[in-house]
Amino acid sequence: MKGTRLLEYEGERITKDEGDLRYEGRPFTYLFGIGKGDIVIDGHGMAMFVNHSCQPNCETDEINGRVFIKAIRNIKAGEELTYDYWLYDGDDEAPCHCGSKKCRGSMYSPAELKKQKARRARKQKQLRKAAKRGVRSKANGSSAP
Ligand SMILES: [Zn+2]
């Protein structure tokens with residue numbers, strides 16, 4: 001039913017820095033930012049198996065530092081639960097193939113996508129500038145991290 005709390009996103013509360021350390025180099029994490037995003041939940045349990053969709057049937061609801069996954073419309077029996085991950089602050093690509101009409105092609109939030117685009121554009125500009133000056137880095141011709 002719409003509005004029903006289905007699951008709680010359970011897990012250890014750690015700082016975002018701790019989370020970054022724990023999951024460095026791994027393509028997927030189950031960290032869920034709460035509050036201003038400086039604390040994350042290192043998820044375990046059922047909620048971490050809920051997939052992303054750009055047109056989901058659930059949303060997350062933060063209440064006193066606890067995160068619940070709540071139905072935003074009536075869900076048929078056997079229907080897969082999804083919510084919009086709204087990722088931020090990531091370095092890796094997170095392509096979305098949810099197939100919904102409103103799919104934005106990524107699990108990142110629209111604001112984060114904008115930021116990433118700006119970052120890429122800036123990098124390109126720097127590369128072009130470097131090429132013009134004939135600057136080459138020592139190691140393998142790339143100074144990108
Ligand atoms: Zn999508």
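Biologist: What share of the chain's 145 residues counts as buried?
Modeller: 13% of them. Buried means that 20 or more other C-beta atoms, placed from the backbone, lie within 10 Å of the residue's own; exposed means 12 or fewer, and partly exposed is in between. The model is predicted: local features need pLDDT of at least 70, side-chain atom pairs count only at pLDDT 80 or more, and totals for chains, interfaces and linings use all residues. Residues are numbered from 1 along each chain as its sequence is written.

Biologist: What radius of gyration does the chain have?
Modeller: 19 Å, whereas a compact globule of 145 residues would have one near 15 Å. The radius is taken over C-alpha atoms, and the globule rule is 2.2 Å times the number of residues to the power 0.38.

Biologist: Change of topic. How many helices and strands?
Modeller: Two helices and eight strands. These are DSSP runs numbered from the N terminus, with at least four residues (H or I) for a helix and at least two (E) for a strand.

Biologist: What is the strand order in the open sheet of three?
Modeller: The order is β2-β4-β3, with antiparallel pairing. Two strands pair if DSSP finds at least two bridges between them.

Biologist: Which strands stand at the edges?
Modeller: β2 (10-15) and β3 do; each has a single partner strand, so one side of each lacks a neighbour in the sheet.

Biologist: And how many bridges join β2 to β4?
Modeller: Six. In one of them, Glu10 has His44 in β4 as its bridge partner.
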